Amino acid sequence: MAKVAIITDSNSGITQARGKELGIYVLPMPFFIDEKLYYEDITLTQEEFYACLGADSDISTSQPSPASVMELWESVLKEYDEIVCIPMSSGLSSTCSTAMSIAAEYSGRVQVVDNQRISVTQEQSVYDAMKLRDQGMDAAGIREVLEKEKLQASIYITVDTLKYLKKGGRITPAAAAIGTVLNLKPVLQIQGDKLDAFAKVRGWKAAKKTMLNAIEKDLDTRFAGVKDQMMLGMAYTCTKEEAAEWKQEIVERFPGYDIIEGPLSLSVACHIGPGAMAVTCMKKV
């Protein structure tokens, strides 16, 4: 039986320390802050990132260099026969397509999964891959299963400020100004490969209700046939106290579901800013 390693990136929310606990590898995502290069969870902590964001530093996301990807793969393949690589969604970054191009040189020993996940849904994909590997599946088989079920997930996000959506060009300055005055909270969704608008409501209470209603509808319609295999997730860029309150609201609305939680990926946080909350549902293998 092939010895299979699992690699993901820090967009999954899995820290370097957690990766070591799990026995997997986490490639840190690079960021440029005021033109200086940082690596998530290596030379850049969550706290430092948000401090720079709050100080209006010039922050831009990047992708791991092909050289750094190959260096990690070469090192891992000294101990393992095959690699399953689970990068962030191909619709949100070119990281996935770059990895797939590099993998073509490895004669099938590296299988790059394009299952369009991010944050806690990507983290769950890692756990699914670990489960399939432990059941004896090879890297190609694991990739096939994960990609087959790539659309079995939903993410809904609401933001605290329109500043970062305006900065990223996702809404116009005029729309941001009106939205701020009217206390409008956009609810965004990730269904597959893109971050899209879902709804626009007034105030946090309505935004949270809209997200929870959307999850309930998904569970009752899109995922009705696999409802007993679904689990929930929550992610955030707000304070831990606010996150705990948000989790309690989710638990009360959906009792009996397992919940996976963690801070939102910094690559997403760049575009939505601090104070955001997200809820997800996803099918587990």
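**Figure 1. Lys185 and its salt-bridge partner Asp160**. At 6% relative accessibility, Lys185 falls under the 20% limit and therefore counts as buried. The model shown here and in the other views is predicted. The side chain of Lys185 meets that of Asp160 in a salt bridge, with an N to O distance of 3.6 Å. The two residues are 25 places apart and link distant parts of the chain: Asp160 sits in the loop between E8 and H7, and Lys185 in strand E9. Asp160 has a relative accessible area of 39% and is partly exposed.

**Figure 2. The salt bridge between Lys163 and Asp56**. The closest N and O atoms of this pair are 2.6 Å apart. Lys163 belongs to helix H7, whereas Asp56 lies in the loop between H2 and strand E5 (59-61); 107 residues separate them, and the pair links distant parts of the chain. Both ends are partly exposed, Lys163 at 34% relative accessibility and Asp56 at 45%. The whole structure contains 12 salt bridges.

**Figure 3. The salt bridge between Asp220 and Lys227**. The N to O distance between these side chains is 2.6 Å. Asp220 is partly exposed, with a relative accessibility of 42%. Lys227 is also partly exposed, at 32%.

**Figure 4. The largest nonpolar core**. This core has 27 residues, and those with the most contacts inside it are Phe31, Phe49, Ile59, Ile157, Leu188, Leu264 and Ile272. Two or more residues each come from strand E3 (30-33), helix H2 (46-54), strand E8 (153-158), helix H7 (163-167), strand E9 (184-190) and helix H11 (266-272). Helix H11 gives the most, with five residues. Beyond the residues up to four places away in sequence, Leu264 touches Gln46, Ser119, Ile157, Ala235, Tyr236, Thr237, Ile272 and Ala278. Another core, of 24 residues, lies apart from this one and has Met211, Leu219, Val226 and Met234 among its members.

**Figure 5. Buried and exposed sides of helix H3**. Val69, Leu72, Trp73 and Val76 are the buried residues shown in H3, which spans residues 66-76. These four cover an arc of only 95° around the axis and therefore lie on the same side of H3. In an α-helix there are 3.6 residues a turn, so residues three or four places apart point the same way. Ala67 and Glu71, on the other side of H3, are exposed. The buried residues of H3 pack against strand E1 (4-9), strand E2 (25-27), strand E6 (82-86), helix H4 (95-103) and strand E7 (110-112).

**Figure 6. Ile102 and its contacts**. Ile102 is part of helix H4. Its relative accessibility is 9%, under the 20% limit, so Ile102 counts as buried. With neighbours within four places in sequence left aside, Ile102 is in contact with Pro66, Val69, Met70 and Trp73. Between the C-alpha atoms of Ile102 and Leu195 the separation is 26 Å, for a spacing of 93 residues along the chain.

**Figure 7. A nonpolar surface patch that includes Phe32**. Phe32, Leu37, Tyr39 and Ile42 make this patch, which has an area of about 340 Å². Phe32 is located in strand E3. At 32% relative accessibility, Phe32 lies between the limits of 20% and 50%, and so counts as partly exposed.

Key
Residues numbered from 1 in each chain as written. Predicted model: local features only at pLDDT ≥ 70, side-chain atom pairs only at ≥ 80, totals over all residues. Heavy atoms only, no water. Core = buried A, V, L, I, M, F, W, Y, C linked by side-chain atoms within 4.5 Å. Buried < 20%, exposed > 50% of the residue type's maximum accessible area, 1.4 Å probe, protein only. Contact = heavy atoms within 4.5 Å. Patch = residues over 30% accessible without salt bridge, like charges linked within 9 Å, V, L, I, M, F, W, Y side chains within 5 Å. Areas by Shrake-Rupley, 256 points an atom, 1.4 Å probe, with all protein chains shown as cover. Salt bridge = Lys/Arg side-chain N within 4 Å of Asp/Glu carboxyl O. Arc of directions from axis to C-beta.
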